[in-house]
Amino acid sequence: MSSDVADSVVVQGVSWAAGVAGVHTALDALTSRRTVDGAATVDPDTGELVTDEPVTDADLRALSSSLSRAKARIDAVLMVLARGLHERDAARVAGAISTGQLLAQDFGGDRTDANAFVRTAIQLSNTPIIEDALAQGRVNRDQAGVIARALNHLPIAVEAADRVRAQESLLDAARLLSIQDLGRAATRTAEAFKTPAEADQHEEGQLRARERRAARNTRFWMRDNRDGTHRGGFTLPDTEAEMLRSAVEALAAPRRYHLESAEADADGADAAEADAGLPSDQRHRQGRAFAIICSHLPADALPNAGGISAVLSVNVDYDTLTGQLGPGTLPSGARISAAKARQIGCGAGILPQVLGGKPLPLDLGQLQRLFNATQRRALAMRDRGCAYPGCDRPPQWCEGHHWRNPWTPRNPDDSHGATDLGNGCLLCAHHHRLVHDRHVQIRERNGYLEFLVPPVIGQKTNADYGGDLFTPDNPVGALQWQRNYRWTARERTG
């Protein structure tokens with residue numbers, strides 16, 4: 001270590017060298033442990049055997065959360081060092097082609113990841129509030145990177161006070177949203193200090209630029225393995241990737257969808273017979289699903305032959321499709337520009353109710369138990385996946401649940417609940433079973449479904465809890481009404 005770095009002061013007279021050494025000393029006490037069970041040690045003063053207190057599940061979660069925050073703080077320090085190396089042009093002096101390559105060489109890391117790390121470090125220098133939050137462990141490196149990248153795309157003319165409001169707004173969002181939804185919220189950064197129409201215009205510009213980059217980066221390759229198989233890879237824009245994902249997951253999902261439609265019974269049996277003896281893990285199932293899709297591509301339905309694109313639900317309004325600004329939303333929540341939405345509208349199957357056409361049958365009453373395909377699409381656009389707090393399962397992995405009035409009531413004298421959108425929500429298979437088995441209460445508040453469950457760490461409270469739901473560690477009195485936070489674009493008015 002050079003003398004100027006070694007002698008520089010970190011805080012309260014502690015040098016860089018002493019500070020890093022202190023980190024290693026603290027870690028030595030933890031890395032010597034190989035299990036989470038209480039360890040027995042000999043007291044050096046008395047010679048007696050001392051056993052640690054038992055570690056509960058709640059303790060493990062609290063310790064893991066605390067160390068994750070410590071890791072974020074270490075990342076903040078590493079970014080200061082990376083930025084220093086970049087500013088000093090240390091890579092050129094050392095004969096490396098970039099600071100990222102230099103960092104990768106020093107610890108055997110990946111050059112691409114290291115270059116991205118350096119870019120984030122540079123961008124954070126322009127977002128001091130976010131950099132401070134990373135240094136305090138309030139956000140992790142990925143969250144800080146998403147926010148910093150978005151804020152660095154703000155126009156130069158944006159005033160300092162507006163930049164501060166944008167940073168604070170996204171910092172609050174990071175506490176509630178998944179990393180994917182945080183990225184989508186970041187494209188609407190201007191909403192913190194502009195009108196919705198101005199924010200639309202800013203987001204439209206960002207989305208168009210991103211779609212142009214995606215078009216440049218789109219690629220495909222395939223090679224013959226000479227053993228009866230081919231291997232390949234691709235890079236696709238979000239819209240086309242979601243078309244492919246929807247088709248693959250529909251074919252590769254565990255065979256539970258025979259519960260969703262009577263017509264699928266025979267198909268499910270045929271598929272089970274065809275899959276007999278084959279690997280059943282997700283990657284192999286999806287690989288076979290992709291092969292099925294390739295084998296069913298009709299030549300007369302490809303472009304220039306008058307076919308219909310794969311059905312893709314796009315949440316847009318009339319103004320978007322008639323040329324006005326206003327981005328669209330895919331089922332996953334990914335945003336696309338108004339131009340892209342209009343392009344899809346020319347050749348893809350879009351749900352008529354979005355365009356103000358003839359209404360589709362969305363309410364089936366009590367005569368039909370299972371939600372049909374049209375209702376599932378509507379639920380997917382509304383719930384964006386499993387509605388259970390903290391769950392990130394996408395719509396394709398979910399099942400329809402009668403949340404307000406169960407289709408099969410507990411009391412035989414009660415009537416069946418209606419198979420209507422107002423009585424339906426999406427739950428993944430795991431949470432669907434849990435809601436039924438534990439009789440989880442659900443209510444609607446301000447247009448969102450809330451579940452009476454233990455608090456979800458990182459969302460509405462920092463309270464810790466251990467074990468599974470409704471165990472002695474989690475009495476009913478500890479339950480709270482929680483909802484699943486997913487970012488959605490604000491409705492435009494006027």
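Select His439 in this predicted model: His439 is found in the loop between α19 (429-438) and β11 (442-445). Its phi is near 50 degrees, a positive value in a residue other than glycine.

Next, go to Asp89, in the loop between α3 (57-87) and α4 (90-94). Here too phi is positive in a residue other than glycine, near 55 degrees. The relative accessible area of Asp89 is 34%, so Asp89 is partly exposed.

Now select helix α8, residues 141-151. Display Asn140 and Asp142 together: at the start of the helix, a side-chain oxygen of Asn140 comes to within 3.1 Å of the backbone nitrogen of Asp142. How many of the eleven residues of α8 are buried? Eight are, and the helix is mostly covered. To see them, colour Gln143, Ala144, Gly145, Val146, Ile147, Ala148, Ala150 and Leu151. Then show the helices against which these buried residues pack: α6 (111-124), α7, α9, α10 (179-186) and α11 (196-217).

Keep two of those neighbours in view, α7 (residues 128-135) and α9 (residues 160-176). They pack at an angle of about 35 degrees, and their axes are 9 Å apart. On the α7 side, select Pro128, Ile129, Ile130 and Ala133; on the α9 side, select Val164, Gln167, Glu168 and Leu171. By class, this contact comprises six nonpolar residues, one polar and one charged.

From there, move to Thr187, in the loop between α10 and α11. Is Thr187 buried or exposed? Thr187 is buried, because its relative accessible area is 11% and the buried class lies under 20%. Leaving aside residues up to four places away in sequence, Thr187 touches His202, Glu203, Gln206 and Arg210. With Glu203 there is also a polar contact between the side chains, at 3.3 Å.

The last stops concern rings. Select Arg223 and Trp221: the charged end of Arg223 sits over the ring of Trp221, 4.9 Å from the ring centre. Then select Arg483 and Tyr448, where the charged end of Arg483 sits over the Tyr448 ring at 3.8 Å from its centre.

Notes:
Residues numbered from 1 in each chain as written. Predicted model: local features only at pLDDT ≥ 70, side-chain atom pairs only at ≥ 80, totals over all residues. Heavy atoms only, no water. Axes fitted to C-alpha atoms, helices over the stretch in contact; angles between N-to-C directions. Helix = DSSP H or I, 4+ residues; strand = E, 2+ residues; numbered from the N terminus. Contact = heavy atoms within 4.5 Å. Nonpolar A, V, L, I, M, F, W, Y, C, P; charged D, E, K, R; others polar. Buried < 20%, exposed > 50% of the residue type's maximum accessible area, 1.4 Å probe, protein only. Polar contact = N/O pair within 3.5 Å; in protein donor to acceptor, adjacent residues only side chain to side chain. Lys NZ or Arg CZ within 6 Å of the ring centre and 35° of its normal.
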